[in-house]
Amino acid sequence: MYTIQTLNNIVQCGLDVFGNQYEMITEGEADGILLRSFPMHTMELPASVKAIARAGAGVNNIPVEACTEKGIVVFNTPGANANAVKEMVLASLLLASRNLWDGISWAKSLYGYGDIVPELVEAGKKEYVGNEIRGKRLGIIGLGAIGALVANDALALEMEVIGYDPYVSVETAWRLSRQVQRAVNLEQIFATCDYITIHVPLVEQTRGLLNAHAFRSMKKGVRIFNFSRGELVQEEDLRDALESGIVANYVTDFPNNTVLGMKNVIPIPHLGASTYESEENCAIMAARQLKTYLETGNIRNSVNFPNVELPYFGQKRITVAHKNVPNMVGQMTAFLAEHHINIADMINRSKGSYAYTIIDIDNGVDAHIKESIATKIKNLPGVAAVRIIQ
Ligand SMILES: NC(=O)c1ccc[n+]([C@@H]2O[C@H](COP(=O)([O-])OP(=O)(O)OC[C@H]3O[C@@H](n4cnc5c(N)ncnc54)[C@H](O)[C@@H]3O)[C@@H](O)[C@H]2O)c1
Ligand SMILES: O=C(O)CC[C@@H](O)C(=O)O
């Protein structure tokens, strides 16, 4: 029996993945945590927690580094909500270019004028003339799951597309149309684009990516779309850029009180991933990854540990989350050798400064011996967490 704590509303089809061997709780000690945008940074993590699954892409609401040190595996759901966000970016391109936000607000304000409304509409519509997006240049910062989808569809809308992503993955590169131009630096995007959309994670390196220096390099009248995270944009610099008209519109999925007070901001209440389809995709994917990890120790789509999969058929298994330093596996297997325990199968993978090892052992080993080996491994310097799965 496992316990899962949910920190946000998770759609039922995601919760159904767990089945009757799981207890779902909203407070207390759990083996796994399932969440969306709940801010976990100030949360006390019980020692019982083995894994955390984010039903979504961004993990900036999770203390990933602290989790890694404790051997807690953090998962996200890459690509599961990318189509939803892509469609929102496409809608926003038109929303901002055609002055739809202001035009619709004005049209609604005509309620009560009676029979002259059509006349007022025809007389007033000249205030809301916009631009077509065909032939305009779109700059995409971050060509991951979302950025790549936006790039391909913007080409289909006959836009010129240029992307910047120094870390683009091979899979994404394969999915990208060859017509997407490659920027070698951000300046190339800033200096030449009519529209700029950001699709990078919020990390220290990207915080404040759009700042005074960036705005100064941009074409006057550029329209900016932020469906990634509010903190990627330096707010006070944005205010100046909007006031001076360098930025014609800022469409953001992350409104706050400061940004709401700026002119030409189009605020959207974090609806990028809010489709039934994407909420289901994310919840099911997150739940499956968490369940698989708890039951088999296999890792798929973790942001802090490597992908590690060894087929599991109910055999005895030891899993170890540890630092990526020499002789870790040697020391672990030495403990097994001391007790004449045969290793049936084994795998070790690393990701950055951490690694993860799965050791399958032959059946028939006494429980107290397995516990004593697990304790010895746990006490090795560099080991973050050990589990026995049986
Ligand atoms: N509004 C929403 O509801 C919503 C939904 C999903 C994702 N998001 C946000 O969008 C972000 C991107 O999502 P995704 O699914 O495309 O993620 P992803 O991991 O597939 O893609 C991110 C891309 O950014 C690139 N990148 C990282 N640092 C960069 C840098 N300094 N410059 C240029 N490129 C850089 C990476 O190489 C990667 O290709 C998420 O981290 C999340 O914050 C928001
Ligand atoms: O859960 C959501 O609605 C938003 C998720 C989104 O911010 C993400 O990073 O995937």
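Around ligand 1 there are 26 residues, and Ala-145, Ile-146, Asp-165, Phe-227 and Asp-253 come nearest. A residue counts as near when one of its heavy atoms lies within 4 Å. This is a predicted model: local features need pLDDT of at least 70, side-chain atom pairs count only at pLDDT 80 or more, and totals for chains, interfaces and linings use all residues. Residues are numbered from 1 along each chain as its sequence is written, ligands are numbered from 1 in the order in which they are written, and side-chain values use heavy atoms, leaving out hydrogens and water.

- A polar contact here is a pair of N or O atoms within 3.5 Å.
- A backbone N or O atom of Ala-145 sits 2.8 Å from an oxygen atom of ligand 1.
- For a backbone N or O atom of Ser-228, the distance to a ligand 1 oxygen atom is 3.3 Å.
- For one of Tyr-167, also in the backbone, it is 3.4 Å.

**Ligand 2**
- The residues around ligand 2 include Arg-36, Arg-54, Arg-229 and His-270.
- Ala-57 places a backbone N or O atom 2.6 Å from an oxygen atom of ligand 2.
- The side chain of Asn-81 has an N or O atom 2.8 Å from a ligand 2 oxygen atom.
- A polar side-chain atom of His-270 is 2.9 Å from an oxygen atom of ligand 2.

**Helices α13 and α14**
- Helix α13 spans residues 328-338 and helix α14 spans residues 367-378.
- Their packing angle is about 155 degrees, so they are roughly antiparallel (over 145 degrees).
- Met-332 and Phe-335 are among the α13 residues that meet α14 (contact: heavy atoms within 4.5 Å).

Conventions: Axes are lines fitted to C-alpha atoms, for helices over the stretch in contact, and angles run from 0 to 180 degrees between N-to-C directions. Helices (H or I, at least four residues) and strands (E, at least two) are DSSP runs, numbered from the N terminus. Angles under 35 degrees count as roughly parallel, over 145 as roughly antiparallel, 65 to 115 as roughly perpendicular and the rest as oblique. A polar contact is a pair of N or O atoms within 3.5 Å; within protein, one must be able to donate a hydrogen and the other to accept it, and residues adjacent in sequence count only if both atoms are side-chain atoms.
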